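Please look over the sequence and the model shown here. A short report on selected sites goes with them.

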Amino acid sequence: MSGGGYAAQNGAGGSYTNGPSQNPVGVYSSNQGLMAPPLTGFMNSLTTKGPPPPGPNPYITGRHQPSPVAPPPSSWSGVAPPPSSYSQHPQPGVTPPPVAPPPSSYSQHPQPGVMPPPVAPPPSSYSQHPQPGVTPPPVAPPPSSYSQHPQPGVMPPPVAPPPSSYSQHPQPGVTPPPVAPPPSSYSQHPQPGVMPPPVAPPPSSWSGITQAPVAPPPSSWSGVTPTPVAPPPRSWSGVTSTPVAPPPVGNHTGPGPYSTGTRLPPVFQNTMQPPAALQQGLYQAQPGQMIRPPAYHSPSAPALYTQVQPSGSAAQLSPSLAAMSLQSQTPEALRVVNLLQERNILPSGAVTPPTPCLPQDLQKINCCPEVFRCTLTSIPQTQALLNKAKLPLGLLLHPFKDLSQLPVVTSSNIVRCRSCRTYINPFVTFVDARRWKCNLCHRVNDVPEEFMYNPVSRSYGAPHKRPEVQNATIEFIAPSEYMLRPPQPAVYLFVLDVSHNAVETGYLDVVCQSLLENLDSLPGDSRTKIGFITFDSTIHFYNLQEGLSQPQMLIVSDIDDVFLPSPDSLLVNLSECKELVQDLLTGLPQMFSSTMETQSGLGPALQAGFKLLSPTGGRISVFQTQLPTVGIGALKPREEPGQKAHAKEVQHLNPATDFYKKLALDCSGHHVAVDLFLLSAQYCDLSSLGCISRYSAGSVYYYPSYHRQRSPAQTERFQRDLKRYLTRKIGFEAVMRIRCTKGLSIHTFHGNFFVRSTDLLSLANVNPDAGFAVQMSIEENLLDLQAVSFQAALLYTSSKGERRIRVHTLCLPVVNSLSDIFAGADVQAITALLASMAVDRSVTASLGDARDALINAAIDSLSSYRSSVLSVQQPGLLAPACLRLLPLYILALLKHRAFRTSASTRLDERVFSMFQLKSQPLPFLMLTVHPGLYRADDLSDEGALNVSERTIPQPRALQLSVEKLSRDAAFLMDCGTVLYLWIGRNCNPVFLTQVLGVESYAAVPLNMDQLPELDTAESSRIRALIDWLRERRPFHPVLHVIRDESPLKAEFLQYLIEDLSESALSYYEFLLHLQQQICK
Ligand SMILES: [Zn+2]
């Protein structure tokens, strides 16, 4: 590659050859904190410095603001109400379930659209139903001699398995429990001929409620012999379809649409052999008692597991963890890198998260880092140690991610810690065969009788082999005590801007067409409801009641006091009224094609939507194309043209009104989420409008230059995003609680939600594309602990009306040396958390403060490393290998649209970027921060991936510098939501003809946004690469083919963050600046 020509032309040159140069805009000049970096640590500097902002603040929900919304009844207030909440809040007419041995059926529910894994046929007990009229005998307790004195090596007598799926199936002739009365609005306005909304049918788990205790199986059970506590037959291990393997990182082999390479372990895999540490825990002896592990306890288990800890030890895991030697594990992570000398610091493949230093068998079942990861994979023992490291401590979550494998358990007794309500998980310890010790609060709990039976292996007496103890990610179908009311149906309301401006963009046709195409794919069941509102200066409702010959439009022109003109026929059952819905969608674009109405009453339209959905909960999808101008919530333009020229301090990052936040909180309190699609080239005050989605757990989509004719690439992106949006999984009336081991404390949340109580996030809707982050501190020393755990539990109602709980548990070691903390640092997670913290700082203090804090984060952590970890001082800017990308990522954030100070950043684009930083899952967030750059004209099959019989080239990632570009080549840049294919002026003509289908450089169209499907190897390779990049993410990146003369060239060049730019340092200059600060 010869970079000279292009570099010279751009005046930037090689970033390393420039040396220090003047800083035209004085990026750091006003940075007093920088000159004297605070030694209080970045956490403090971001969270405590600066005065509180005046007025409403869109970013402070994460900080435990008291809720104006009345808290829900207590049984809702936790992801998991304590058992007593059942009796405290009985549902009307519902008889509490008898305290009966719960069913314990276990099944695997493939996620929609995901290829189910090969699964062993379920045990026959699954399909067995009790015989009508047969009264089952009472439960025979297991022989007491077995349960009280389990003797290893002694074959217990065959024990009748505890009642299993029997109680799950309603018996014929048994009346299901009465359903809670429907919301009053239904019954108060009965209309002749109007079908009352369908009463939520009881979910399947309800059907068990009135069941009497059932038990030992009738004769049909006799065929099922419970497996005694004994070595499983060899053939038993054949149940496992896939051998356990650590999740591949960075390589995509899974069938998921964009799931990246790491996949959850197959459901049954862990039944092969429980982790040695857990086995050890299970058979841990009481003082004075020695229990031998069962015969199948792997004789090859490492010696470190054979040590028996005295019961009651603070750390049951200590034998295994004590043997871990961090020094021997981390030479590479702690390798000293002089950043000023080592130029090629990007790894050849994807940047992968560090692997926690846990015993291999624990790590093997640890939570997938794409779902749950921590900025520090080794947790400091004390806050003092954390302060010394000057690295942020926090968690990054993608809790509802689409998974190709998800074990699902149906149980009426979900086993949880009686003290802290933690769900039993792979990292608990069994102090003996009948008791388990919570890994969060350390309480010893009894193992319930029914948990002794394993529905997967159909064996008895091995609770450590239950799926709950074998999977760090698992989903439960919740019993009735997790419901305050019958699970809501899927309810979708579309609120559409039909002003002249909106119609002119042509978006309405796309939305209606996309809905028509995907109507049958909306997640839901026979109860699904749908409705439509359109608005300009008035609000239009649509009566879609069954029996009408065509939809009726009802116009409400009094937008100051919005009412629902026909409350019972505006939200209709989708399957019953589908034809009318289709008629409406077909006719809607034409109805407003000649409108001259320019006003926008978005606020009143949202109020109407809230009124319509508040009885049930559901999702409002709002499409808006301009600043709201009339009615409540009207806004004025706040973007000052002059501000763009010297934007050191950006104004108006705070909302102009609290109307949207307040309405969002009302929505959240009624389980209504609002998703905002903003399609506008004009300023729309996203910092105000976005509050409606932020606080109701919605999503924000932004298409800044949308026009159907003028920007076909945006139209394609909008269409693809809509399809994903309409058909992706959705969870309703959700709450998420994150727990962590005693001593750790969560103090700040990032993402779209409302904080209902200290650690409970209210999510009116949850979608699979939402990410969250939390910050933590160490309140009590973790001195006696070898490991700590984090558990996120997401309780939600599926679109099919099932109440479900998805639980993720992450286990991490505790360390007591700074070098171990640094060795476990996860540079991408740190960057993502810092980005969220900096967004908060921009809003509560100022953009300049946020930028200073980011720079200080790099200075502080590298200073700490230099002074406290390095034993031999040497010149240069030194970083441990695991953090060598930190200064680069920090610089990338400073040049990110959210935080940059350049003249060209529109306010809405900046605010949208801030929203994205706070709510995107980490892999997508990192792409927007540090794009991938690849040479595209010499792709080969060498090292390529094979995905579904396709060959995907894997070119090496290049540094983001013009120095890496070459005029005689072509380069692909992946910025997350946009891909650029840059064509050099002297690019090989073969590439031009075989990939672009043009004869010469001059013939490359200036606005080319897709590649022709040519029948050449070169064309296939690059299209395969682009398709693969696209399908791995939940949004559709547009492609721009650009050359020197293209209007988008400047945009492309802005992503070359290692180069000097108009307003920011080059990477090399930035490193020199850091070095200067660290060494002074
Ligand atoms: Zn506990």
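The report covers a metal site, a strand residue and a loop in a predicted model.

## Zinc site

Four cysteines hold the zinc ion through their SG atoms: C417, C420, C438 and C441. These donors lie 2.2 to 2.3 Å from the metal. The angles among the four donor atoms run from 98 to 117°. The site is tetrahedral, because all angles must lie between 85 and 135 degrees for that label.

Along the chain, the donors of the zinc ion are spaced as C-x2-C-x17-C-x2-C.

## R806 in strand β27

R806 sits in strand β27, which spans residues 803-815. The relative accessible area of R806 is 0%, so this arginine counts as buried. The cut-off for that class is under 20%.

The side chain of R806 has a polar contact with the side chain of E475. The contact distance is 2.6 Å.

## The loop between β30 and β31

Strand β30 covers 945-947 and strand β31 covers 950-952. S948 lies in the loop between them. E949 belongs to the loop between β30 and β31 as well.

Phi is positive at S948, near 50°, and this residue is not a glycine. E949, also not a glycine, has a positive phi of about 65°.

E949 is exposed because its relative accessible area is 81%. The exposed class starts over 50%.

Terms used. Residues numbered from 1 in each chain as written. Predicted model: local features only at pLDDT ≥ 70, side-chain atom pairs only at ≥ 80, totals over all residues. Heavy atoms only, no water. Helix = DSSP H or I, 4+ residues; strand = E, 2+ residues; numbered from the N terminus. Buried < 20%, exposed > 50% of the residue type's maximum accessible area, 1.4 Å probe, protein only. Polar contact = N/O pair within 3.5 Å; in protein donor to acceptor, adjacent residues only side chain to side chain. Donors = N, O, S within 2.8 Å, 3.2 Å for Na, K, Ca; no water. Tetrahedral: all angles 85-135°; square planar, octahedral: opposite > 155°, others 65-115°.
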